[in-house]
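Subject: Structure for you to look at, with notes

Dear colleague,

Here is the structure that I promised to hand over, with my notes below it.

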Amino acid sequence: MKILITSVADKKSAKKLSKKLVKNNLAACVSSVKTDSVYFWDKKINSDKERVLFIKTDAKFKKIAEFIKTNHDYELPEILSIKPKNVFKKYKIWVKNQTKGKK
């Protein structure tokens, strides 16, 4: 099991991408959190309100990353993966079953 992280512009974009990921069995669950981001882009420092998505999955990183790139509004989406050290066993099994066959 892993958690992928990406950020999107707003609540509407978060819901749209989250639903697509779950519908395509690439995520068992996606959590969306409001955040303020500061970043360097187009030769200047920018500050925006965004949504961070925590994508819980057992599917292969490459497969999900390609899906996110294809369905993301940003030119250069943040896509990173974290492997939790400890996970409640029943939850881990549930995530695996929801994303079964998407490796």
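A word on terms before the findings: a residue is called buried when its relative accessible area is under 20%, exposed when that area is over 50%, and partly exposed in between, with a 1.4 Å probe and only the protein chains taken into account. The accessible areas themselves come from the Shrake-Rupley method with a 1.4 Å probe, and for residues only the protein chains shown count as cover. Helices (H or I, at least four residues) and strands (E, at least two) are DSSP runs, numbered from the N terminus.

Please bear in mind that this is a predicted model, in which local features need pLDDT of at least 70 and side-chain atom pairs count only at pLDDT 80 or more, while totals for chains, interfaces and linings use all residues. Residues are numbered from 1 along each chain as its sequence is written, and side-chain values use heavy atoms, with hydrogens and water left out.

I begin with the surface. Patches are made of residues with over 30% relative accessible area and no salt bridge, where like charges are joined within 9 Å and nonpolar side chains (Val, Leu, Ile, Met, Phe, Trp, Tyr) within 5 Å. One nonpolar patch on the surface is formed by Val 38, Phe 40 and Ile 45, which together have about 380 Å² of accessible area. Of these residues, Ile 45 lies in strand S3, which covers residues 44-57, and Ile 45 counts as exposed because its relative accessibility is 66%.

There is also a positive surface patch, formed by Lys 11, Lys 15, Lys 19 and Lys 34. Helix H1, residues 11-23, gives the most to the positive patch, with three residues. Lys 19 has its place in helix H1 and, at 60% relative accessibility, counts as exposed.

Next come the salt bridges, each defined as a side-chain nitrogen of Lys or Arg within 4 Å of a carboxyl oxygen of Asp or Glu. The structure holds two of them. In one, Lys 49 pairs with Asp 36, and the closest N and O atoms are 3.1 Å apart. This pair links distant parts of the chain, since Lys 49 is in strand S3 and Asp 36 is in strand S2 (residues 29-41), 13 residues apart. Lys 49 is exposed at 64% relative accessibility, and Asp 36 is exposed at 56%. Asp 36 also has its C-alpha atom 7.1 Å from that of Ser 47, which is 11 residues away along the chain; Ser 47 has its place in strand S3 and is exposed, with a relative accessible area of 58%.

The other salt bridge joins the side chains of Lys 69 and Glu 66, at 2.9 Å from N to O. Both residues lie in helix H2, three residues apart, or about one turn of the helix. Lys 69 is partly exposed, with a relative accessible area of 45%, and Glu 66 is partly exposed as well, at 40%.

Which residues of helix H2 are buried? In this helix, residues 61-71, they are Ile 64, Ala 65, Phe 67 and Ile 68. They lie on the same side of H2 because they cover an arc of only 160° around the axis, the arc being that of the directions from the helix axis to the C-beta atoms. Lys 62 and Thr 70 are exposed on the other side of H2.

Finally, some points about the loops. Most residues other than glycine have a negative phi. Asn 25, in the loop between H1 and S2, has a positive phi near 55° and is partly exposed at 33% relative accessibility. Lys 43, in the loop between S2 and S3, has a positive phi near 65° and is exposed at 79% relative accessibility. Asp 73 lies in the loop between H2 and strand S4 (80-82) and is exposed, with a relative accessible area of 60%. Asp 73 and Ala 9 are 64 residues apart in sequence, yet their C-alpha atoms are 8.0 Å apart in space.

With best wishes

How values were computed:
Lys and Arg count as positive and Asp and Glu as negative; His and the chain ends are not counted. The place of a charge is taken as NZ of Lys, CZ of Arg, CG of Asp or CD of Glu.
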